[in-house]
Amino acid sequence: MNKEDLKTLFLILLVCISIFLTKKLWIKIPSEMIPVFKIKEGIGSSYLFSDMLIPDKILLNFSDKNHTLLYSDEKYGLWPGGKMILKKALSEKNYKVSHMKKEEFLKYQNNKSINFYFAEEMNTYILAKALDVKEPNNITERISKVNNIYIYLEKGNPFIIFCNDNTYLKISNLNIQTKVLREILSGIEVGEEYTRYYSIRDTLGSNNDIYIPFEMVNEIPSVFVQNEIRIDNRDEIRMIAEKFFNKNIDYLREIVENNGSTIYIYNQKVLKIHKNGLLEYFSPLDEPVTERNLYISLNTAADFISSHSGPPKEMYLDKIEEIKSDNNLGYKFTFKYRIRGIPLIIGDDEVEDFIQIEVFNKYVKAYKRFVRKDMHVPIYKEAIEQENMLSAFEVIDMNFDLLEERYVEDMGITEDVKIENLNEKIVESIEDISLAYFDPCKKESNEKLIGVWTINIKGRIYVFDVYTGKLIYEKGKV
C-alpha cells in the first residue's frame, strides 16, 4: 500500500468516526433540547417569572398565643428557604397524603410554623415550574390551586399543608430539612421586635380566621415618592419610546397633545405617556390565539416587563384574569409592589392599578404602568414625633357604625328587616385587613405617603388613616 492509499484510508476512517460521533450527539441531545425550545415560546428570563410568584403575606406562628404577620420577606429571607422545601415536596416521589378538616388545620396554627399566603389563587403546577421542578408529582393534580402553604417547623417529622378555600391537603413522609427556617423563626421570636397578631376567631369569637393586632409595636416609616417617568424630560421620554419599539426616534411618529401627554406610533403599535406619568402600550396580535397557556403567558409577561421597564423592587403578582379579545384567548395580569416592605394603595381613580399587562401566550397586546419611586428623603427624629399607630382592632371599633351602614346598603337590607347578630355577621364578612401606604397621587414629586389600614368587606375597600382612624378613601363594591 503506497502513501496515497494510506491517506485515502485515513480520510475514510475520519469520516466514519465523524458520522459515528454525530449520530451519538443527535441521539443524546434532543431530550435536553426539547424543553429549551418549548420554554423559548414564551420567555428569555425565567428568573423574573419565579420572582413574581411571591407571597402576599407571611404568618409566623411561634406558639398558641404568639403570632405575627409580615408583609415583606426582604429582612428575614423566609421565602427562599420555603421555596427549597416546596421544590423538594413537589418533586418527591414517595410521600404520604391525607385530607384534613378545617378545625384540625386551625389547631396546627398553635405550633411553630409558617403560612405563606398568596394574593391570588396560585396554580400548583405553575408554582412547581416556577420553582424549576422538572417533573412535578401528582400533588399538582390532587390540589390544582393553592392560596396558602403551611410548613410545620416543630422538631420531629416535618410536613406541609397545601390550602385552598376549604381544602387542606397534608403532605408528609418528606425528605425535607426545616432547621434553617426554624432557626430564623426562633431568632425573630427572641428579638421581640414585632407586633403580635391574634385571630379574630379567638379574640372576638367570630367565624373569621384573619389575624389582626390589638397593639402596635413599630412605627410606619415616613416616605416621600415621585413619578418614575418625568413627563417634563423630553429626552427621557424619547429614550423610553426607543426602547419599547427598538427603533431610533427618527423612525417613530411623535404626537404631543395639548394636555401634555405624548404619543408614539410605529406601524400599528402605540405608546402613550400621560401627563400624570401613566404609561400605556398597545400592539395588535401577530396571529390568532385560540388556546390559553398560563405558563407561556406568565413567562411572556415576565420577559416583557424585564426587557422594557424592569420590575419595581418588591413587585408581586396580585391578580390573574382570563380575557377574550376578538375571539383571541389570553390573560390579564395585575402586579403590585411594596415600598419599604409595605404594600401600596393607589389613590388616583384615573389609574386602574400600578402594573397591568394583557398577554395572549407569546404576544403582549396591552401594557399599563404607573410606578412611584421612593425618594429616600432623610427624616430627622425631631420631625417625626407623632401619635402612636392605631391597631386594626381600634380602627374597626372607631368606625363600626360606618361599616354597619355600608354593609346594610351593600346587602340590600331594609329598615323593616331585623337581622339577628348583625355585628357578628359584619365581622365574619371581613375578607382582608392589611397595613399599607396610601398614595394620594396629587403631586408628581415630594408626595408623602399616608400609613393606613385597609379593610375589605364583601368587595368594598375602606382605607383608614393609621394614626387618626379617619376614613380617607373608599372604593365601592365591585
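Two strands pair if DSSP finds at least two bridges between them. Helices (H or I, at least four residues) and strands (E, at least two) are DSSP runs, numbered from the N terminus. The legends below describe a predicted model, in which local features need pLDDT of at least 70, side-chain atom pairs count only at pLDDT 80 or more, and totals for chains, interfaces and linings use all residues. Residues are numbered from 1 along each chain as its sequence is written, and side-chain values use heavy atoms, with hydrogens and water left out.

**Figure 1. Overview of the protein.** The protein has 14 helices and 25 strands. Of its 478 residues, 48% are buried, where buried means under 20% relative accessible area, exposed over 50%, and partly exposed in between (1.4 Å probe, protein chains only). Among contacts with a separation of 6 or more, 64% come from residues 24 or more positions apart; a contact means heavy atoms within 4.5 Å.

**Figure 2. Strand β10 and its partners.** Strand β10 (residues 224–227) pairs with strand β22 (residues 447–448) in the antiparallel sense, over two bridges. F224 has K448 as its bridge partner in β22. β10 also pairs with β20 in the antiparallel sense, here over three bridges. In β20, R372 is the bridge partner of N227.

**Figure 3. Surroundings of R372.** R372 belongs to strand β20 (residues 372–374). R372 counts as buried because its relative accessible area is 2%. The side chains of R372 and N227 form a polar contact of 2.6 Å, and a polar contact of 2.7 Å links the side chains of R372 and D439. A polar contact is a pair of N or O atoms within 3.5 Å; within protein, one must be able to donate a hydrogen and the other to accept it, and residues adjacent in sequence count only if both atoms are side-chain atoms. Neighbours within four places in sequence aside, the residues in contact with R372 include Y337, I339, C441 and E447.

Figure 4. A pair of aromatic rings is described by the distance of the centres and the angle of the planes. Rings of Phe, Tyr and Trp (its six-membered ring) pair if their centres lie within 6.5 Å; planes under 30 degrees apart count as stacked, over 60 as edge-to-face and the rest as tilted. The structure contains 23 aromatic pairs. In one of them, the ring centres of F105 and Y150 are 5.8 Å apart and the planes stand at 70°, so the pair is edge-to-face. This pair links distant parts of the chain, with F105 in helix α5 (residues 102–107) and Y150 in strand β5 (residues 145–152), 45 residues apart. Both F105 and Y150 are buried. Ring pairs join F105, Y108, Y150, Y152, F159 and Y168 into a cluster.

**Figure 5. Charges over rings.** K170 lies over the face of F159, 4.4 Å from the ring centre. R338 lies over the face of Y316, at 4.2 Å from the ring centre. A charge sits over a ring if NZ of Lys or CZ of Arg is within 6 Å of the ring centre and within 35 degrees of the ring normal.

Figure 6. E192, in the loop between α8 (179–191) and β8 (197–199), has a positive phi near 55° and is not a glycine. With a relative accessibility of 56%, E192 is exposed. N361, in the loop between β18 (355–360) and β19 (363–369), also is not a glycine and has a positive phi of about 55°. N361 is buried, at a relative accessible area of 15%. N267 sits in the loop between β12 (262–266) and β13 (269–273) and is exposed, with a relative accessible area of 66%.
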